[in-house]
Amino acid sequence: MIDGHQMNNSEEAMNQSLSTVKEEIKKVIRGKDDILDTVLCTLLAGGHILLEDIPGVGKTTLAVALSRSLGMSYKRMQFTPDVLPSDILGFSMYDNKSGDFSFRKGAIFTNLFLADELNRTSPKTQSALLEVMEEHQASVEGETRKLPEPFIVIATQNPVGSSGTQMLPDSQLDRFLICLSMGYPAHGDAVALLRGEVWKLAEKIQPVITLYELCEMRRAAETVFVHDDIYEYIVSLVEATRNNPLFAMGASPRACIALLRMARAMALLGGRDFVTAQDVQSVLFDVLRHRVRPGARARAEGKS
């Protein structure tokens, strides 16, 4: 049995560890504290991240810094029209020495997989990520192989309509727990990045927590208390997207689960063992923005 004093010490240790991770990432990502908080919450919730923005605002740098600070194995793949599903999942190759086929693992067999410019590749290749994102396993040539844990996909997406892009299907978008936009840095932060030579600092980021500690934090997030009123509140918010005439498509039941997971993680990040309405509100936009589709009325009124 763990008494209250021990529990408080455990929570304080977790908060200190998360703060240390955040400070390590801030060496290369300046002026984006709210983005970093949301990313850390997604890690605690065990979800995947979609970064939608123009090239050059730090999306790849964020992924590299995150993997280094957490001691994660990391692989990056540049998605282009000629990338094949076998490049992601792996394939069998005949071995002349053994006289048998041996499996060569694809890029997905890692802790953190960065899918760069995901919406530039073909739908066939995009679909290779559906199973791995949902079930953390890859089925290749009739055999299912488990992925390392923890496992997270960070995908970047160029703005829809950019040269060589196509819209991701709804089933693909729904696999991402959140969708974020980095945005341009403030003037002072951009100057600080130049002075600090961020490309050199990225190489100096050190692991500050272990993968075991991250898994323990995830388990702690799952136990954060949620009052019945909060459950009602989450469902009501998601249902409102289905009844609003501005939306051609509302959020799915998976959005309710995503909101709950993110709200619990936000509470843990805030040093609390219970979820508040403010926790739900703070993650609402990032959880729902890619799960709803604006209708004709919204487009006519110029609403995104």
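Predicted model: local features only at pLDDT ≥ 70, side-chain atom pairs only at ≥ 80, totals over all residues.
## The open sheet

Five strands make up an open sheet in the order β2-β5-β8-β1-β9, and the pairing is parallel. Its edges are β2 (74-78) and β9 (178-180), each of which pairs on one side only. From one strand to the next the twist averages 15 degrees.

Strand β1 (residues 49-52) runs parallel to β8 (residues 152-157), and four bridges join the two. Leu 50 has Ala 155 in β8 as its bridge partner. Helix α3 (residues 59-69) lies across β1, β2, β5 (112-116) and β8. The helix runs at about 175 degrees to β5.

Strands pair through backbone hydrogen bonds, either parallel or antiparallel. Here, β3 (residues 90-95) and β4 (residues 100-105) run antiparallel, joined by six bridges. Tyr 94 stands opposite Phe 101 in β4.

Four residues lie between the strands of this hairpin. Gly 99 takes a positive phi there, near 70 degrees.

## Aromatic pairs

A pair of aromatic rings is described by the distance of the centres and the angle of the planes. How many aromatic pairs does a search of the whole structure find? It finds two. Phe 79 and Phe 113 form an edge-to-face pair, 6.4 Å centre to centre with 75 degrees between the planes. Phe 79 sits in the loop between β2 and α4 (85-89), and Phe 113 in strand β5, so the pair ties together parts 34 residues apart in sequence. Phe 79 is buried, at 0% relative accessible area. Phe 113 also counts as buried, at 0% relative accessibility.

Phe 103 and Phe 109 have ring centres 6.2 Å apart. Their planes stand at 75 degrees, over the 60 that marks edge-to-face, so this pair is edge-to-face. Phe 103 and Phe 109 are both buried.

## Helix α10

Helix α10 (residues 211-222) has twelve residues. At 1.5 Å a residue, the helix should span 16 Å. Its end C-alpha atoms are 17 Å apart, which agrees.

Which residues of α10 are buried? They are Leu 214, Met 217, Arg 218, Ala 220 and Ala 221. Viewed down the axis of α10, these buried residues fall within an arc of 160 degrees, so they line one face of the helix. An α-helix has 3.6 residues a turn, so residues three or four places apart point the same way. The face of α10 turned away from the buried side carries the exposed residues Tyr 212 and Glu 222.

Conventions:
Residues numbered from 1 in each chain as written. Heavy atoms only, no water. Expected span 1.5 Å × (residues − 1). Buried < 20%, exposed > 50% of the residue type's maximum accessible area, 1.4 Å probe, protein only. Arc of directions from axis to C-beta. Pairing = 2+ DSSP bridges. Axes fitted to C-alpha atoms, helices over the stretch in contact; angles between N-to-C directions. Contact = heavy atoms within 4.5 Å. Phe/Tyr/Trp six-rings, centres within 6.5 Å; stacked < 30°, edge-to-face > 60°.
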